[in-house]
Amino acid sequence: MSYEPPTPPAELSTDIVNTLNGYSPDQLQQFARYAEKLAEHKGREARLEEESDEDEIEERQEDLPDDVPSKATVTIKEINDNRYYYWQWREGERVLSKYKGPVNLDD
């Protein structure tokens, strides 16, 4: 292990680097754990957005349940080789879904 401090990534702003350099080892460990969890969360949100763009979108239906907003659309998701309808909508940065029912192969 080197006695020299690590070189920060070029992508980090000077303000962030200076702030981190002022933290104690315990604070840096807490920050690292938080940053890892935040990165996982943001990655998951990005994947949800990507999946919602790729899912097949059906025509808008008027038989909305009370807890589904009017801006929701019906999507088809494939889970374990079975296809299901889901109501899907955005609230801020989150994509929310509610189960609607199985896809009928006779449709």
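The legends below describe close-up views of a predicted model. Residues are numbered from 1 along each chain as its sequence is written, and side-chain values use heavy atoms, with hydrogens and water left out.

**Figure 1. Secondary structure of the protein chain.** The protein chain contains two helices and four strands, where helices (H or I, at least four residues) and strands (E, at least two) are DSSP runs numbered from the N terminus. Along the sequence these elements follow the pattern α-α-β-β-β-β. Of the 107 residues, 19% are buried; buried denotes under 20% relative accessible area, exposed over 50%, and partly exposed the range in between (1.4 Å probe, protein chains only).

**Figure 2. The largest pocket and its lining.** The volume of the largest pocket is about 230 Å³. A pocket is an open set of points on a 1 Å grid over the protein atoms alone, where a 1.4 Å probe fits, with protein on both sides within 12 Å along at least five of seven lines; lining residues have an atom within 4 Å of a point. The lining consists of Pro5, Pro6, Thr7, Pro8, Pro9, Leu12, Val17, Leu20 and Asn21. Seven of these residues are nonpolar, two are polar and none is charged.

**Figure 3. A nonpolar surface patch that includes Leu38.** Tyr23, Leu28, Phe31, Tyr34 and Leu38 together make a nonpolar patch of about 430 Å². Such patches join nonpolar side chains (Val, Leu, Ile, Met, Phe, Trp, Tyr) within 5 Å, taken from residues with over 30% relative accessible area and no salt bridge. Leu38 belongs to helix H2 (residues 25-54) and is partly exposed, with a relative accessible area of 31%.

**Figure 4. The salt bridge between Asp67 and Lys98.** One salt bridge is counted, defined as a side-chain nitrogen of Lys or Arg within 4 Å of a carboxyl oxygen of Asp or Glu. Asp67 pairs with Lys98, and their closest N and O atoms are 2.7 Å apart. The pair links distant parts of the chain, 31 residues apart: Asp67 is in the loop between strand S1 (56-57) and strand S2 (73-79), and Lys98 is in strand S4 (residues 94-102). Lys98 is partly exposed, at 28% relative accessibility.

**Figure 5. Leu96 in strand S4.** Leu96 is located in strand S4 and counts as buried because its relative accessibility is 17%. Leu96 and Ala72 are separated by 24 residues in sequence and by 9.2 Å in space, C-alpha to C-alpha.

Technical notes: This is a predicted model: local features need pLDDT of at least 70, side-chain atom pairs count only at pLDDT 80 or more; totals for chains, interfaces and linings use all residues. Grid points are joined across faces, edges and corners, and a volume is the space filled by probe spheres set on the points. Ala, Val, Leu, Ile, Met, Phe, Trp, Tyr, Cys and Pro count as nonpolar, Asp, Glu, Lys and Arg as charged, and the others, Gly among them, as polar. Patches are made of residues with over 30% relative accessible area and no salt bridge: like charges are joined within 9 Å, nonpolar side chains (Val, Leu, Ile, Met, Phe, Trp, Tyr) within 5 Å. Accessible areas come from the Shrake-Rupley method with a 1.4 Å probe; for residues, only the protein chains shown count as cover.
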